[in-house]
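I opened my notebook for a first visit to this chain.

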Amino acid sequence: MRLPLEEELPVGTLLKVTFELLMGQDKVELNAKVIWLNHIPADPIYPYEAGIEFVDVDIAERIKISNCVLYKAELLKEFYR
């Protein structure tokens, strides 16, 4: 996942990332690790972007994420018909 950042984080930094998969649903909190970092000097608000990899995701969270991806894929299929 690409994550815009206000500050530079070293590759290897461990993070706890919290977000909603779908609006109004419970939040998902996952552990992640920075695997790459780019500097974007033209962006005054988020001058960095990081690629993060989720780590130690339990089966319940994997199922939630998979269900969300399938649901959004179905919505996109309907939209492009």
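**Entry 1**

I started in helix α1 (residues 59-79), where I found both Glu61 and Lys64, three residues apart, or about one turn of the helix. I keep in mind that this is a predicted model. The side chains of Glu61 and Lys64 meet in a salt bridge, at 3.8 Å from N to O. Are these two buried or exposed, or something in between? Glu61 counts as buried because its relative accessibility is 15%, under the 20% cut-off. Lys64, at 36%, counts as partly exposed.

I then looked up Glu74 and Lys77, whose side chains also form a salt bridge, 3.1 Å from N to O. They too sit three residues apart in helix α1, so about one helical turn separates them. Glu74 has a relative accessible area of 42% and is partly exposed. I noted Lys77 as partly exposed as well, at 44%.

How many salt bridges does a search of the whole structure find? I got four. One of them joins the side chains of Arg2 and Glu49, at 2.9 Å from N to O. This pair links distant parts of the chain, with Arg2 in strand β1 (residues 2-5) and Glu49 in strand β4, 47 residues apart. Glu49 counts as buried, at 15% relative accessibility.

**Entry 2: aromatic rings**

Next I searched for aromatic pairs and found two. The ring centres of Phe19 and Phe54 are 6.2 Å apart and the planes stand at 40 degrees, so I wrote this pair down as tilted. Phe19 belongs to strand β2 and Phe54 to strand β4, so the pair ties together parts 35 residues apart in sequence. Phe54 is partly exposed, with 28% relative accessible area.

Phe79 and Tyr80 make an edge-to-face pair, with 4.9 Å between centres and 90 degrees between planes. I found both Phe79 and Tyr80 exposed.

**Entry 3: the nonpolar cores**

Which residues make up the largest nonpolar core? I listed nine: Leu5, Leu9, Leu15, Val17, Ala32, Val34, Tyr48, Ala50 and Ile52. The elements giving two or more residues to this core are β2 (14-20), β3 (27-39) and β4 (48-55). β4 gives the most, with three residues.

I looked at Val17 in particular: leaving out residues up to four places away in sequence, Val17 touches Val28, Glu29, Leu30, Ala32, Ile52 and Phe54.

Note on methods:
Residues are numbered from 1 along each chain as its sequence is written. This is a predicted model: local features need pLDDT of at least 70, side-chain atom pairs count only at pLDDT 80 or more; totals for chains, interfaces and linings use all residues. Side-chain values use heavy atoms; hydrogens and water are left out. A nonpolar core is a set of buried Ala, Val, Leu, Ile, Met, Phe, Trp, Tyr and Cys residues joined through side-chain atoms within 4.5 Å. Buried means under 20% relative accessible area, exposed over 50%, partly exposed in between (1.4 Å probe, protein chains only). Helices (H or I, at least four residues) and strands (E, at least two) are DSSP runs, numbered from the N terminus. Contact means heavy atoms within 4.5 Å. Rings of Phe, Tyr and Trp (its six-membered ring) pair if their centres lie within 6.5 Å; planes under 30 degrees apart count as stacked, over 60 as edge-to-face and the rest as tilted.
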